[in-house]
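This briefing covers aromatic contacts and a ligand site, with the cut-offs behind each term. Please read it alongside the sequence and the structure shown here.

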Amino acid sequence: MKIFLDTANLESIKKFNDMGLLDGITTNPSLMSKEGGNPKNAMEEITKIIQGDVSLEVVSTEYSGMMEEGKRLREYGDNVVVKVPMTPDGLKACKSFSSQGIPVNVTLIFSANQALLAAKSGAKYVSPFIGRLDDIGQDGMNLIKEIKVIFSNYSFKTQILVASVRHPLHVIDAAKIGADVVTLPPGVLDKMLQHPLTKIGLDNFLADWEKLKQKNPDTEI
Ligand code: G3P
């Protein structure tokens, strides 16, 4: 399963990329707005730092505007995936970009039917928002299961990019289902790294090593 970071925060992107954990990045207008700076600078930087796919989202809501913005976004790098909303115009733009070999991520997917239509429009990725479904009392992970079955029934190449992930259990469940990608807020990736027994175990190892050094001052590795 590929891991993308769901952020426009350069510090977080550099931190996890240096650890070799990132296969790509997803952004959206809200994440850009959260960082507050000039989004052009952020997009330029992110596409330079990351080798893998970087989803940059259009803000036009009609087809021709999406096509213009998508082309401009692709100027930031060959690794740019144009992110379009799950609307009739978004699907039309998806079809056009895909037929030109430009990868598209269709975002704001909340039903299996929407995912099916996006796949049929040639999307490289569909982004089902599981956390937002959980928020309204629907089982977000069930949507991932449904999409997985449908895509596999028809051998769609479209990848399931699990979005709106809120906690590490979402990641485990997505991996069990066989989702292609999870995109994670930095806080969730941080939590995945940690376990209290790992910290306690390491503290004990180091304390025991210190004891050994006190008995044998020449001890070293
Ligand atoms: O990529 C955007 C998606 O992950 C949204 O997440 O937490 O705003 O529902 P959230």
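Tyr-125 has a relative accessibility of 1% and therefore counts as buried, where buried means under 20% relative accessible area, exposed means over 50%, and partly exposed lies in between (1.4 Å probe, protein chains only). The model is a predicted one, in which local features need pLDDT of at least 70 and side-chain atom pairs count only at pLDDT 80 or more, while totals for chains, interfaces and linings use all residues. Residues are numbered from 1 along each chain as its sequence is written, and side-chain values use heavy atoms, with hydrogens and water left out.

**Aromatic pairs**

- The structure holds four aromatic pairs, a pair being rings of Phe, Tyr and Trp (its six-membered ring) whose centres lie within 6.5 Å, with planes under 30 degrees apart counted as stacked, over 60 as edge-to-face and the rest as tilted.
- One of them joins Phe-4 and Tyr-125 in an edge-to-face arrangement, with 5.8 Å centre to centre and 75° between the planes.
- This pair links distant parts of the chain, since Phe-4 belongs to strand β1 (residues 2–6) and Tyr-125 to strand β6 (residues 125–128), 121 residues apart; strands (E, at least two residues) are DSSP runs, numbered from the N terminus.
- Phe-4, at 1% relative accessibility, also counts as buried.
- Tyr-154 and Phe-156 form a tilted pair, with 6.4 Å centre to centre and 55° between the planes.
- Tyr-154 counts as exposed because its relative accessibility is 59%, whereas Phe-156, with a relative accessible area of 24%, is partly exposed.
- Phe-151, Tyr-154 and Phe-156 together form one aromatic cluster.

**Charge over a ring**

- The charged end of Lys-92 sits over the ring of Tyr-63, 4.4 Å from its centre, the criterion being NZ of Lys or CZ of Arg within 6 Å of the ring centre and within 35 degrees of the ring normal.

**Ligand surroundings**

- The residues around the ligand are Asp-6, Asn-28, Lys-83, Phe-129, Arg-132, Ala-163, Ser-164 and Arg-166, each with a heavy atom within 4 Å of the molecule.
- This shell divides into two nonpolar, two polar and four charged residues, where Ala, Val, Leu, Ile, Met, Phe, Trp, Tyr, Cys and Pro count as nonpolar, Asp, Glu, Lys and Arg as charged, and the others, Gly among them, as polar.
- The protein buries 82% of the 310 Å² that the ligand exposes when taken alone, with accessible areas from the Shrake-Rupley method and a 1.4 Å probe.

Conventions:
Helix = DSSP H or I, 4+ residues; strand = E, 2+ residues; numbered from the N terminus.
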